[in-house]
Amino acid sequence: MSSASRPSTEGPERILTYAQALNEALREEMARDQSVILLGEDIGDYGGIFTVTRGLLGEFGSGRVIDTPISEGAIVGSALGLALTGYRPVVEIMFVDFVFVASDQLFNHVGKARYISGGQRAAPIVVRTQQGSGGGKGAQHSQCLEAIFCHVPGWKVVAPSNAADAKGLLKSAIRDGNPVAFLEHKALYFQKSPVPTESSAIPLGKARVVRGGGDVTLIAYSKAVELAVAAADQLAGEGIMAEIIDLRTLKPLDLDTILESVTKTKHVIIIHEAHRFCGFGAELAATIQEKAFHHLEAPVQRIAALDVPVPFNRTLEKTVLPRVGDVVAAVHASLGRGE
Amino acid sequence: MPKHTKRKAPSPGATRTRSVANHQPDLVKLYRKMYEIRRVEERLEELFRASEIYGSLHLCIGQEATVTGACAALAADDYITGTYRGHGATLAKGTSVQAVFAELFGRETGCCHGRGGSMLLTDLAVGNLGCSGIVAGGIPIAVGAALGARLSKNNRVSLTFFGEGATNQGVFHESLNMAALWNLPCIFFCENNLYAEMTHISKEASVERMADRGCACGVPGVVVDGNDVEAVYRTTAQAVTRARAEQGPTIIEAITYRLTGHMFGDPQTYRPKEEVQAWRERDPLLVARRRLEDRGIKSEQVEEIHQQVQAEIEEAVTFARQSPEPKSEEVSRYVFCEPTVD
């Protein structure tokens, strides 16, 4: 499957922010396909609160970049109506926390549209939103809700960790033809990384091996990939070579890449920023033990946020979130090395 | 974008004229459709009682004039969204009796290949974008379809059926605002059958007339006798004309009554028998039939319609019974389509 690589695929690179890369993906897909239209709060004149849709209103006009009222249920519901009349809406939900406002339309309607109609309906809808802790945003603006989208059938779920992936995966999400939850991370928007000039769509369902290593597998996605990389750097100093897998897409899951690594390293640590209990890591851990139990030399471990609403206070917020030290300690425990 | 065209006068020539709204409805045809819906519902109830079909069953007996009159005022390619009490709506829009029975039998030949069932009837071929099992769930979808029609400049309209109980849901108000803000060709059709499930509307709504709820968004509201199919047709036709002329949405409140329970097995302890009896005397089929007689339609002709419809229904039941069940190995089919990445 995937081999160790840098985020980019080929060709000359530019250094872009995650937000700029997403903007390019939207611009290119809108130019490529007239049926792609954007809906969301403050996405037109304002350009999106994280600047992702900046400039698109001027370029494509108010028939394709549509500022909506603050009505998440009606935004998502009307996106389904648009999809049923030949459009490919890309919806921006400003904070993932607001998907609960739209949850009836997301989960009872959009995700089930195709199935319950016996394949008559298609719902080529991308819901772009951003999640995670951004430093003091509080409990209603800091959640990570990927597990919700993964749990209810009908949604594909993407969580890119860098600019090149953000661009390539968004292009695939828009072309996919199914409902896709595209979960960006608010703390990544202004981080810069290389993006290929001639960037193509990155297929959904393909993980990326960020770094090869034979001693332990660190599985992460979205911003938690940073934690994995920092921990791996630290572990390398101790002579422990960690292999890092960036899942990129959570559903469908690239199980082949995971199992290939797990059967090699026999030690697995899963890292995510979402809460631990019933988090995506629980699904991964269960699946890994079902498929590769006899290859494992230690229990699969999860590094995740505490099961506490994300507090405002700086110290408490840091306490809730997973840290590099937690990852390093988990690796030591897995390998049977005392601190 | 509609936002910027709000309340502007319609531009002459921008609208393709459609003749449907100007036609007097053919009461014989309307009666036939209402009778078809009534007999389908009664037959479904029998089949449910005999355990030939299962799940849940929300009948619209007594409300046939609303969906029949409203859909008659729409063109074939206009859109509707419906509710879990949606058998009548999809039949009125043109779904075949066979496809409805087969779906309720859970068969592969059903309009949703047996995956949807009674509450979720969808038939894109006739413009039914889907019925919803969630109160008010179909409303924003119809708004999106109206926006799609506007953006595509195809002059279609979108009509959403919902009950009076749905007007207490947040998404109803969100949708009404959005449709008004963008001046969309969307018709909000409230079937007020007086009971939100098992509770009288006087205990649920702060206003007497649901049509009044349009005023908060600047949407004109019209109240119509929902048991008079011709009145429903005329009222809807006016709203359609407005919508096609880019004059924006209308909320229609059709006062009606369901003569059976909220769902199969509802003991109906919440309403007096005298009330039900009084509404039985205003049964929309009786109202239409009396009017047919007044207009000189012979009872033989009506009987002939009845016999034709009965025969069609029995044929459809046989068709459904003989249709194959979906295969277990195809249980995951239709969750996702194949990606269209090139």
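Two residues are in contact if their C-beta atoms, placed from the backbone, lie within 7 Å. On that basis, 76% of the contacts in chain B between residues at least 6 apart in sequence join residues at least 24 apart.

A word on the ground rules: this is a predicted model, where local features need pLDDT of at least 70, side-chain atom pairs count only at pLDDT 80 or more, and totals for chains, interfaces and linings use all residues. Residues are numbered from 1 along each chain as its sequence is written, with chains lettered from A and ligands numbered from 1 in the order in which they are written.

Chain B holds eleven helices and eight strands (DSSP runs numbered from the N terminus: H or I of at least four residues, E of at least two). Buried residues account for 50% of its 342 residues; buried means that 20 or more other C-beta atoms lie within 10 Å of a residue's own, with C-beta atoms placed from the backbone.

Now let's visit strand β4 (residues 186–192) of chain B, where seven of the seven residues are buried, so the strand is largely enclosed by the rest of the structure. C186(B), F188(B), C190(B) and N192(B) point one way from β4(B), while I187(B), F189(B) and E191(B) point the other way. In a regular strand, side chains alternate between the two faces of the sheet.

| Partner of β4(B) | Sense | Bridges | Opposite residues |
|---|---|---|---|
| β3(B), residues 158–163 | parallel | six | F162(B) and C190(B) |
| β8(B), residues 250–255 | parallel | six | I251(B) and F188(B) |

Note on methods
Buried ≥ 20, exposed ≤ 12 C-beta atoms within 10 Å, placed from the backbone. Pairing = 2+ DSSP bridges.
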